[in-house]
Amino acid sequence: MSEKLPQQPQSEEVDLGQLFNAIGRLFEKLFAFIGSIFKGIFSAIIYALKPLVDNFKIVAVALVITAVLGYVFEKSGETVYYSDMVVKPHFDSKYQLASNIDYFNELIKSKNYTELSDIFEIDSTDASHLVGFELEPGPETQNDLFIEYDEYIMSIDTSLVDELNYKDYLEKRDLMSGRIFAITAKSQKIDIFQQLQMGFKKTFVNDFSEHQKKIRDTLAFIERESLQTQLNRLDSIQKTYLEAIKNDSKNPKFSLDVGSALPVQEEKTATKEYDLFLKEQEIRRNLNKLNQTVAEENTYYDVLSSFDKIGKKDKSIGQRFVVLFPVLTLILFFIIFLGLKVFKFIKNYE
């Protein structure tokens with residue numbers, strides 16, 4: 001027995017050695033896999049750049065020619081100007097705004113300048129200079145987003161609150177979730193933008209928004225009457241309590257506690273004047289809040305920032321033909337190169 005006992009540590013050392021060797025081989029395979037990924041990416045980049053190097057002279061000449069053509073086209077073409085208007089729609093008129101933006105763009109594409117001139121109340125010649133409209137979310141502060149998220153949480157089932165946190169809400173919210181919108185108008189005429197605001201006024205004032213405003217005004221009138229009725233009742237109750245206090249002061253009541261040696265004490269009528277005062281303040285706060293909401297949203301939309309009198313030159317990539325033409329040339333070159341490779345592979349495939 002004593003001769004076999006010292007052999008146990010050797011067995012444990014062998015097991016640990018095999019374990020470390022297995023871990024080492026696992027890390028070697030992991031590093032080799034990661035290295036193969038980087039090697040594949042590097043090979044793909046080299047393979048993509050190889051045709052440019054093999055045909056460097058042709059590519060350079062093509063890029064120079066397309067850059068010159070783009071410069072000439074950019075200088076000879078009509079300059080495009082743009083201006084932004086930031087609005088805050090009320091009564092869900094933002095949906096009609098998004099629909100009308102698409103409608104205006106379709107009119108421009110179809111060159112229906114007569115309809116555009118009727119909508120914006122401008123001359124047909126001025127309407128022909130319109131290039132397009134874009135609708136984007138307006139500038140929003142972090143506080144605005146928190147308020148919007150809080151109102152959204154209050155409007156859904158409490159069982160769904162834990163399934164959508166603030167971060168997920170911001171990622172999933174779409175264009176129509178916002179309250180403020182930026183309208184970008186593009187035109188080849190530099191001083192047409194302020195004339196376009198009348199057309200957008202018609203957009204916000206529509207049958208649906210008018211119906212929503214009537215409903216809001218009706219509900220506000222009913223709530224205002226209810227709050228005023230409560231105030232009148234509280235005023236009547238307060239007068240009753242004041243009259244009771246006057247009567248108690250004129251006709252005081254006395255009682256004698258026989259079971260004690262205390263002197264005679266004056267009993268005063270119990271009142272709830274302070275509670276009534278707090279209730280009155282609460283009703284008046286609700287009434288002021290209601291009046292403030294009606295006053296702030298008494299129009300169909302608010303213009304936070306109107307169109308500029310003079311538009312700014314559009315310098316987006318879509319108008320920089322001196323850059324756009326060479327980029328398209330490179331993309332076309334890669335497509336032709338890949339197409340020839342695929343054709344050659346299919347032709348030689350057995």
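What does the pLDDT of the protein average, and what share of the residues score at least 70? In this predicted model, the average is 78, and 83% of the residues reach a score of at least 70.

**View 1. Confidence across the elements of the protein.** Strand β3 (residues 181–187) has the highest mean pLDDT among the elements, 91, whereas strand β5 (residues 265–267) has the lowest, 40. Where pLDDT is low, predicted coordinates should not be read in detail.

**View 2. Packing of helix α3 against helix α4.** The axes of α3 (residues 94–109) and α4 lie 8 Å apart, at an angle of about 140 degrees. Because of this angle, α3 is oblique to α4. Helix α3 contributes Tyr103, Phe104, Leu107 and Ile108 to the contact, and α4 contributes Glu115, Leu116, Ile119 and Phe120. By class, seven of these residues are nonpolar, none is polar and one is charged.

**View 3. Crossing of helix α4 and helix α8.** Here α4 (residues 113–120) meets α8 (residues 197–204), with axes that come within 7 Å and cross at roughly 80 degrees. The two helices are therefore roughly perpendicular. On the α4 side the contact is made by Asp118, Ile119 and Phe120; on the α8 side, by Gly199, Phe200 and Lys202. The contact of α4 with α8 comprises three nonpolar residues, one polar residue and two charged residues.

Definitions and conventions:
Residues are numbered from 1 along each chain as its sequence is written. This is a predicted model: local features need pLDDT of at least 70, side-chain atom pairs count only at pLDDT 80 or more; totals for chains, interfaces and linings use all residues. Side-chain values use heavy atoms; hydrogens and water are left out. Axes are lines fitted to C-alpha atoms, for helices over the stretch in contact, and angles run from 0 to 180 degrees between N-to-C directions. Helices (H or I, at least four residues) and strands (E, at least two) are DSSP runs, numbered from the N terminus. Angles under 35 degrees count as roughly parallel, over 145 as roughly antiparallel, 65 to 115 as roughly perpendicular and the rest as oblique. Contact means heavy atoms within 4.5 Å. Ala, Val, Leu, Ile, Met, Phe, Trp, Tyr, Cys and Pro count as nonpolar, Asp, Glu, Lys and Arg as charged, and the others, Gly among them, as polar. pLDDT is the predictor's confidence in each residue, from 0 to 100.
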